[in-house]
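Me: Please pick one part of this structure and look at it closely. Then set it beside what else can be said about the two chains. Keep it brisk.

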Amino acid sequence: MHFDLRKKNLRETNSFLQNIDRKKNQRDFIITNPDGHHAICAGLKNDISVTVKGHTGYYCGGMNQKAKITIEGNAGTGLAENMMSGTIHVKGNVSQSAGATAHGGTIIIDGDASSRCGISMKGVDIIVKGSVGHMSAFMAQSGSLLICGDAGEALGDSVYETNIYIAGKVSNLGADCVEKKMNKFHLKKIDELLKKGNIKKYKANNFKRYGSARKLYNFNIDNVSAY
Amino acid sequence: MKNRNNTTPRKSWTFDEYTNSEIRRAAETGIYDIRGGGSKRKLPHFDDLLFLGASMSRYPLEGYREKCNTKITLGNRFAKKPLELEIPITIAGMSFGALSGPAKEALGRGATLAGTSTTTGDGGMTKEERGQSKNLVYQLLPSRYGMNPDDLRKADAIEVVIGQGAKPGGGGMLLGQKISDRVAEMRNLPKGIDQRSACRHPDWTGPDDLAIKIIELREITEWKVPIFVKIAGARPYYDTALAIKAGADVIVLDGMQGGTAATQEVFIENVGQPTLACIRPAVDALQDLNMHRKVQLIISGGIRNGADVAKAMALGADAVSIGSAAMIALGDNDPKWENEYNKLGSTAGAYDDWHEGKDPAGITTQDPKLMKRFDPIKGGKKLSNYLKVITLEAQTIARACGKNDLHNLEPEDLCALTVEAAAMARVPLAGTSWIPGKNI
């Protein structure tokens with residue numbers, strides 16, 4: 001089924017996709033002329049597949065549950081924010097705060113992600129085939145952020161238990177973020193992420209792992225210069 | 001024999017006993033003082049205002065016969081299902097984590113019995129709270145702890161929290177000792193670590209972005225429920241104007257007497273404006289944009305009784321919200337626990353180390369033994385009684401001013417006892433026609 005956002009408005013389109021009639025067994029949808037609209041495919045909750053042919057604005061796929069959303073273009077701020085499950089695949093680049101606070105599912109970004117990618121992420125897997133901007137994985141709580149390219153300044157600032165895997169260069173690390181030992185568990189996880197992202201150019205041993213030094217987990221006045 | 005040349009020992013006004021104890025505490029512990037509650041310093045407040053009552057030029061309504069409406073509709077600007085409340089006094093957001101599950105349940109029970117709404121907090125929506133609350137406002141906070149779309153769709157309204165009166169520009173902190181398994185799971189963080197709540201939202205900055213965020217929330221909830229925007233008493237005119245422009249249905253404005261679960265004392269006492277100083281600028285913004293009574297204004301921060309409710313509404317608020325008073329109604333700081341407060345180095349009425357999780361009243365704790373002291377059914381009934389009493393008090397005052405609806409109260413019904421309050425509330429100093437700052 002096909003929605004042309006120049007002919008059908010966003011509310012009608014989202015409403016249809018949010019309230020799928022299961023009896024009709026429609027599972028595949030295409031949205032054309034997204035024209036940078038905000039909140040496209042926000043709040044989907046069914047196991048459906050939506051392909052957006054063009055660029056999207058803010059919060060595309062916001063709070064997604066179960067749906068697979070493919071964006072054949074670039075995506076604006078807050079892609080897949082607070083996503084719970086499902087998959088969002090962007091074939092272009094994404095703006096800041098991609099995957100912010102997302103609890104689950106998978107985000108695949110073929111291009112680059114801007115600043116604060118994975119901010120406060122809470123369990124999602126984010127795969128970036130390009131580079132990420134500054135303050136990525138800021139206060140990231142859990143889940144994995146895999147970066148094939150480079151990372152901007154203050155990577156993993158105040159990170160909690162998220163694992164950051166990166167193949168390229170890191171400008172510098174944020175407070176309490178350190179390089180951590182790679183082991184079988186993490187190599188297996190990277191293999192899984194590379195497979196999910198259909199990435200063949202890299203192997204697990206091309207990546208370094210960063211995470212929390214856990215020195216700021218409980219307040220200590222002697223760490224005050226780190227804040 | 002007393003030496004007549006000695007003068008009485010004189011303590012410093014600047015270095016008073018409390019200040020000195022704080023210096024000693026900082027030197028001893030190496031950490032700033034974290035505590036709960038709102039500003040404790042003496043501030044210009046509703047006590048500095050008086051109602052004039054009816055006289056030759058106004059006639060009163062009969063207290064026990066003539067109706068005085070208290071109902072309020074919140075959020076009829078865009079939402080398909082605005083909140084319809086029996087009384088204009090709502091329960092403010094308080095988190096599960098800071099408060100126990102039964103305490104949250106009691107807030108829901110009390111609010112429902114009194115015909116009003118209660119609000120979640122930084123930590124998500126609990127089953128107990130949703131189950132017992134007819135009208136539940138779901139907060140969208142910067143941390144997004146416990147935020148999920150299923151709960152969002154269960155909410156009767158959504159409150160985007162930008163600021164809190166106790167700490168405009170500040171985040172939160174739930175110290176490790178209060179992180180039980182359940183709290184840790186809801187917040188997706190390990191047990192026992194200090195959980196910082198972010199001070200700004202992760203996926204938007206500024207009012208233009210907020211407008212888009214509100215559209216996303218409306219799309220997810222299919223434009224059914226109202227969107228509140230909660231701001232701290234920082235720059236009330238501009239913050240209110242920008243929230244209206246961003247598409248808020250309701251503005252919640254929290255002055256510096258508004259409480260918090262845990263923040264630095266230095267922050268609570270030195271950042272933000274008193275509630276009294278915030279109301280008129282916010283109403284100015286609503287009126288300048290022709291949105292007064294179309295976008296509702298809820299005032300919070302230090303509301304204690306029906307007179308405070310009536311005064312806030314006379315200055316232009318559509319409703320008020322209570323947090324600290326609701327906790328006291330539940331049993332917080334009750335003198336019956338005095339011995340235990342003493343053991344914790346405090347006294348009933350002053351206990352504010354809620355973040356330590358040792359609350360003798362069993363309200364601001366996750367300790368199962370202490371939690372058992374608190375009965376959510378009795379607590380809910382007490383809160384409901386209190387809400388009904390202060391509503392009746394506000395009605396009593398409104399009738400005495402000749403009003404058949406609390407919303408008909410107006411600044412002309414008031415005078416001020418101090419020059420400061422007169423200037424802030426823009427009502428005449430008692431016994432004069434002088435409103436400081438107003439061009440004659």
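Reply: **A strand pair and its sheet**

B:I91 faces B:I322, a residue of β15(B). This is a predicted model, in which local features need pLDDT of at least 70 and side-chain atom pairs count only at pLDDT 80 or more, while totals for chains, interfaces and linings use all residues. Residues are numbered from 1 along each chain as its sequence is written, chains are lettered from A, and ligands are numbered from 1, in the order in which they are written.

Start with the strands. Helices (H or I, at least four residues) and strands (E, at least two) are DSSP runs, numbered from the N terminus. Two strands pair if DSSP finds at least two bridges between them. Strands of a sheet pair through backbone hydrogen bonds, either parallel or antiparallel. In chain B, β5(B) and β15 (residues 319-322) are joined by 3 bridges in the parallel sense.

Now widen the view. The open sheet in chain B has 8 strands, in the order β5-β15-β14-β12-β11-β8-β7-β6, with parallel pairing. Its edges are β5 (89-91) and β6 (117-119) of chain B, and each pairs on one side only. On average, neighbouring strands of this sheet are turned by 30° against each other, direction ignored. Here axes are lines fitted to C-alpha atoms, for helices over the stretch in contact, and angles run from 0 to 180 degrees between N-to-C directions.

Helix α6 (residues 206-220) of chain B lies across β7 (135-140), β8 (157-161) and β11 (227-232) of chain B. Against β11(B), α6 of chain B runs at about 145°. Contact requires C-beta atoms, placed from the backbone, within 7 Å.

After α14(B) comes B:G402, with a positive phi near 80°.

β2 (residues 28-32) of chain A runs parallel to β3(A), with 5 bridges between them. A:I31 has A:V52 as its bridge partner in β3(A). On to β4 (residues 68-71) of chain A: 4 bridges link it to β3(A), again in the parallel sense. There A:S49 is partnered by A:K68 in β4(A). β3 (residues 49-53) of chain A has two faces: A:V50 and A:V52 are covered, whereas A:S49, A:T51 and A:K53 are uncovered.

Compare A:V178, in β10 (residues 177-180) of chain A. A residue is buried with 20 or more other C-beta atoms within 10 Å of its own, exposed with 12 or fewer, and partly exposed in between. A:V178 has 14, so it is partly exposed. Beyond neighbours within four places in sequence, A:V178 is in contact with A:L173, A:Y210 and A:A213.

Last, chain A meets chain B. The contact takes 35 residues from chain A and 22 residues from chain B. On chain A's side, α1 (10-18) and β7 (122-128) each supply at least two residues.

Notes
Contact = placed C-beta atoms within 7 Å.
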